[in-house]
Amino acid sequence: MATAIRSLASRSSAFVASPVAPARRVVAVAPTKAVVVEVEAKLKTRKAAAKRFKVTGSGKVMARHAGKQHFNEKMTRDRNRDLSKMYVVSDADIWNATKCLPYHGIGGK
């Protein structure tokens with residue numbers, strides 16, 4: 001019985017900070033009054049994007065080159081070496097990284 005209650009509590013806690021509805025917190029100001037304060041829901045970081053993009057100290061977004069998973073034997077050494085380096089993400093793709101990484105310090109608020 002206790003394990004069933006614990007499992008229900010853990011399942012329901014996943015839906016407490018829903019981005020759809022803001023959470024409410026009751027703050028006691030005086031013994032006779034209670035004030036309800038709206039708390040904005042936290043944005044979630046897309047973990048797949050966090051693993052693919054790195055943000056530098058100056059705010060540039062870096063990513064890995066594509067095309068180095070297979071068929072590497074037919075490439076020249078220089079091509080393979082260049083594909084191993086990180087590159088700066090273009091301005092056209094910055095918007096996608098900004099939306100996927102809300103707390104990484106990129107993009108304006």
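Student: Why is Asn80 called buried in this model?
Tutor: The model is a predicted one. Asn80 has a relative accessible area of 18%, and buried means under 20%, so Asn80 counts as buried. Asn80 has its place in helix α3, residues 77-84.

Student: What makes Lys68 a contact of Asn80?
Tutor: Contact means heavy atoms within 4.5 Å. Lys68, Asn72 and Met75 touch Asn80 when residues up to four places away in sequence are not counted.

Student: Why does Thr98 count as buried?
Tutor: The relative accessibility of Thr98 is 18%. The limit for buried is under 20%, so Thr98 falls on the buried side of it. Thr98 is placed in helix α4, residues 94-100. Leaving out residues up to four places away in sequence, Thr98 touches Ile106 and Gly107.

Student: Why is Val55 called partly exposed?
Tutor: Val55 has a relative accessible area of 27%. Buried would need under 20% and exposed over 50%, so 27% lies in between and Val55 is partly exposed.

Student: Where does Val55 lie, and what is it in contact with?
Tutor: Val55 lies in strand β3. Beyond its neighbours within four places in sequence, Val55 is in contact with Lys60, His104 and Ile106. Val55 and His104 are 49 residues apart in sequence, with a C-alpha to C-alpha distance of 7.0 Å.

Student: What makes β4 and β5 a pair?
Tutor: The same rule of at least two bridges applies. Strand β4, residues 61-64, and β5 are joined over three bridges in the antiparallel sense, so they pair. Met62 stands opposite Val88 in β5.

Student: What is the strand order in the open sheet?
Tutor: The order is β3-β4-β5, three strands with antiparallel pairing.

Student: Why do β3 and β5 stand at the edges?
Tutor: β3 (53-55) and β5 (86-88) each have a single partner strand, so one side of each is left without a neighbour in the sheet. From one strand to the next, the twist averages 35°.

Student: Which residues make up the largest nonpolar core?
Tutor: Eight residues do: Ala49, Ala50, Val61, Ala63, Val89, Ala97, Leu101 and Ile106. Helix α2 (47-52) and strand β4 each supply at least two residues of this core.

Student: What does Leu101 touch?
Tutor: With residues up to four places away in sequence not counted, Leu101 touches Thr45, Arg46, Ala49, Ala50, Phe53 and Ile106.

Student: What pattern does the protein chain follow along the sequence?
Tutor: The pattern reads α-β-β-α-β-β-α-β-α, with four helices and five strands in the chain.

Student: How many of the residues in the protein chain count as buried?
Tutor: Of the 109 residues, 12% count as buried. The protein chain exposes about 9,500 Å², and carbon and sulfur atoms supply 58% of that area. Among contacts with a separation of 6 or more, 42% come from residues 24 or more positions apart.

Technical notes. Residues are numbered from 1 along each chain as its sequence is written. This is a predicted model: local features need pLDDT of at least 70, side-chain atom pairs count only at pLDDT 80 or more; totals for chains, interfaces and linings use all residues. Side-chain values use heavy atoms; hydrogens and water are left out. Buried means under 20% relative accessible area, exposed over 50%, partly exposed in between (1.4 Å probe, protein chains only). Accessible areas come from the Shrake-Rupley method with a 1.4 Å probe; for residues, only the protein chains shown count as cover. Axes are lines fitted to C-alpha atoms, for helices over the stretch in contact, and angles run from 0 to 180 degrees between N-to-C directions. A nonpolar core is a set of buried Ala, Val, Leu, Ile, Met, Phe, Trp, Tyr and Cys residues joined through side-chain atoms within 4.5 Å.
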